[in-house]
Amino acid sequence: MRGRCLLELKEPAQALPLLARAVAGQKSNADFRIAYGAALHQTGDLPNAEKQYREAMRLVPTAENPPFNLARILVAKGDLEGAVRAYQLTIGRNPKFVLAHA
């Protein structure tokens, strides 16, 4: 929980080790992976953030946040086709996800 709090407080670098331990302790927890991915993303580690989001998508194939976050990484990498597919997946999972439509 402390890692999540630090992430909410915009302290991703401090959250990273706590969230890494949480993921290591509960590898099948998609929420931990999403939070860890967000911390990685915010600190500029896009390749590892992408891995966490993809794993969260595998763990919870109906969740809308992992493909949305993945799309943001794909845009940053210049993979616009991949980003469009990820945004479409997000919208398919939640048609009211306004940011994905934007």
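Predicted model: local features only at pLDDT ≥ 70, side-chain atom pairs only at ≥ 80, totals over all residues.
At what angle do helix H4 and helix H5 pack, and how far apart are their axes?

Residues are numbered from 1 along each chain as its sequence is written, and side-chain values use heavy atoms, leaving out hydrogens and water.

H4 (residues 46-59) and H5 (residues 65-77) pack at about 150°, with axes 9 Å apart. Axes here are lines fitted to C-alpha atoms over the stretch in contact, with angles from 0 to 180 degrees between N-to-C directions; helices are DSSP runs (H or I, at least four residues) numbered from the N terminus. That angle makes H4 roughly antiparallel to H5 (over 145 degrees).

## Gln52

Helix H4 also holds Gln52. Gln52 is buried, at 11% relative accessible area (the cut-off is under 20%, with a 1.4 Å probe and protein chains only). Arg33 sits 19 residues from Gln52 in sequence, yet the C-alpha to C-alpha distance is 5.4 Å. Not counting residues up to four places away in sequence, Gln52 touches Val23, Arg33, Tyr36, Gly37 and Leu40.

## The core

The largest nonpolar core has 20 residues, and Leu7, Leu19, Tyr36 and Tyr53 have the most contacts inside it. Such a core is a set of buried Ala, Val, Leu, Ile, Met, Phe, Trp, Tyr and Cys residues joined through side-chain atoms within 4.5 Å. H3 gives the most to this core, with five residues.

Note on methods
Helix = DSSP H or I, 4+ residues; strand = E, 2+ residues; numbered from the N terminus. Parallel < 35°, antiparallel > 145°, perpendicular 65-115°, else oblique. Buried < 20%, exposed > 50% of the residue type's maximum accessible area, 1.4 Å probe, protein only. Contact = heavy atoms within 4.5 Å.
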